[in-house]
Amino acid sequence: MPQKGQNAAMPKNSAEPTARRPGVAAARHAVEVLRCVSQAGGSIGINEIARRIGLHKSSISRVVATLEDEGLLEREPASERIILGIGLIAIAAPILTSRGISTIAHKHMERLAHDTGETASFSVWNGLEAISLDQVIGTNAITHYAGPGQSNAPHCTASGKLLLAFAPEAEIEAILSENLPRHTGRTITDPQALRRQIDDIRMRGFAVNRGELSDDAGGISAIVRDLQRRPVGAVTITLPMYRFDEARQDELVRQVCAAAARISLEMGYTEGGAGKFVKL
């Protein structure tokens, strides 16, 4: 029987013994809040979280504030509604590299890194930027460009621009409304210019960065889709600019798009033919 004041509608798996060690209840509430936000499938308000979990709004507000401080939750700028934070991606990156979609992608990244000699990586979108989940170092690579957990800016990296192009319109508008910091002379800082480029990227299915984040590095990224045709990630190669001349770019684009097509096929994407990513 529920205790007086306890929400009887709470899931059975949330029940705990009456006697608890100090701190256990707070930790459990933090996990419940994170799970609630995750299951919301988007943003969610404080009142709704409180209703679903069965705790007072003030208690939820304190938990959310703590999780915000740690980067595990964030607030949408316009609505103040709660979304998952980038900190969760960074924490989960090591385990994600050994299971799920990155497991499927890894063997194709190995082939891509072998065939091109360049560093291959796989990234996902977190609502603000691209987050690297896995990396394979190419035979010619001289540095580790995008290790697991690293974030990639949405306006000046290949994976960032690609995943931004396939993000919900509200997230695109949020990025375009912010200041776009300049890193090199090639960085796109004009929102309208970035809008035109991401519209083009969405049509092509791949993105190119030629010295936009760093003068001496560039990259090519292609979209990966799943069975429901949803964009689920980006496969990317990153390389030094001295090996990234115009003559080589077309061949590298073909190879990256082919790798994305193979991963998409293994993810179940067939309608329209995942091979459409191969055609330049």
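Reader: What are the conventions of the model?

Author: This is a predicted model, in which local features need pLDDT of at least 70 and side-chain atom pairs count only at pLDDT 80 or more, while totals for chains, interfaces and linings use all residues. Residues are numbered from 1 along each chain as its sequence is written, and side-chain values use heavy atoms, with hydrogens and water left out.

Reader: How many helices and strands are there in the protein?

Author: The protein has 9 helices and 8 strands. Helices are DSSP runs of H or I with at least four residues, strands are runs of E with at least two, and numbering starts from the N terminus. The accessible surface of the protein is about 14200 Å², and 53% of that belongs to carbon and sulfur atoms; such areas come from the Shrake-Rupley method with a 1.4 Å probe, and for residues only the protein chains shown count as cover.

Reader: Why is α5 called roughly antiparallel to α9?

Author: Helix α5 (residues 101-116) and helix α9 (residues 246-266) pack at an angle of about 160 degrees, their axes being 9 Å apart. That angle makes α5 roughly antiparallel to α9, because angles over 145 degrees count as roughly antiparallel, those under 35 as roughly parallel, those from 65 to 115 as roughly perpendicular and the rest as oblique. The axes are lines fitted to C-alpha atoms, for helices over the stretch in contact, and the angles run from 0 to 180 degrees between N-to-C directions.

Reader: Which residues make the contact of α5 with α9, and how do they divide by class?

Author: Among them are Ile104, Ala105 and Leu112 of α5, with Leu252, Val256 and Ile263 of α9; contact means heavy atoms within 4.5 Å. The residues of this contact divide into 7 nonpolar, 3 polar and 6 charged. Here Ala, Val, Leu, Ile, Met, Phe, Trp, Tyr, Cys and Pro count as nonpolar, Asp, Glu, Lys and Arg as charged, and the others, Gly among them, as polar.

Reader: What makes α1 roughly perpendicular to α2?

Author: The axes of helix α1 (residues 24-39) and helix α2 (residues 46-53) come within 10 Å and cross at roughly 115 degrees. That angle makes α1 roughly perpendicular to α2. In the contact, Glu32, Val33, Cys36 and Val37 of α1 meet Ile49, Arg52 and Ile53 of α2. By class there are 5 nonpolar, no polar and 2 charged residues in the contact of α1 with α2.

Reader: How do you know that α6 and α8 are roughly perpendicular to each other?

Author: Helix α6 (residues 158-165) packs against helix α8 (residues 191-204) at an angle of about 80 degrees, with axes 8 Å apart. The two helices, α6 and α8, are therefore roughly perpendicular to each other. Lys161, Leu162, Leu164 and Ala165 of α6 meet Leu194, Gln197, Ile198, Ile201 and Arg202 of α8. The contact of α6 with α8 has 6 nonpolar, 1 polar and 2 charged residues.

Reader: Why does Leu176 count as buried?

Author: Leu176, in helix α7 (residues 169-176), has 10% relative accessibility and so counts as buried. Buried means under 20% relative accessible area, exposed over 50%, and partly exposed in between, with a 1.4 Å probe and protein chains only. Leaving out residues up to four places away in sequence, Leu176 touches Pro191, Leu194 and Arg195.

Reader: What makes Glu118 buried?

Author: Glu118 is found in the loop between α5 and β3, and its relative accessible area of 1% makes Glu118 buried. Beyond residues up to four places away in sequence, Glu118 touches residues including Val136, Ile237, Leu239, Arg243 and Arg248.

Reader: On what value is Glu129 called buried?

Author: Glu129 has a relative accessible area of 18% and is therefore buried. The place of Glu129 is the loop between β3 (119-125) and β4 (130-136). Its contacts, not counting residues up to four places away in sequence, are with Ile86, Val124, Ser151, Asn152 and Pro154.

Reader: Why does Glu80 count as partly exposed, and what is its phi?

Author: Glu80 lies in the loop between β1 (73-75) and β2 (82-84). At 46% relative accessibility, Glu80 counts as partly exposed. Its phi is positive, about 70 degrees, although Glu80 is not a glycine. Most residues other than glycine have a negative phi.
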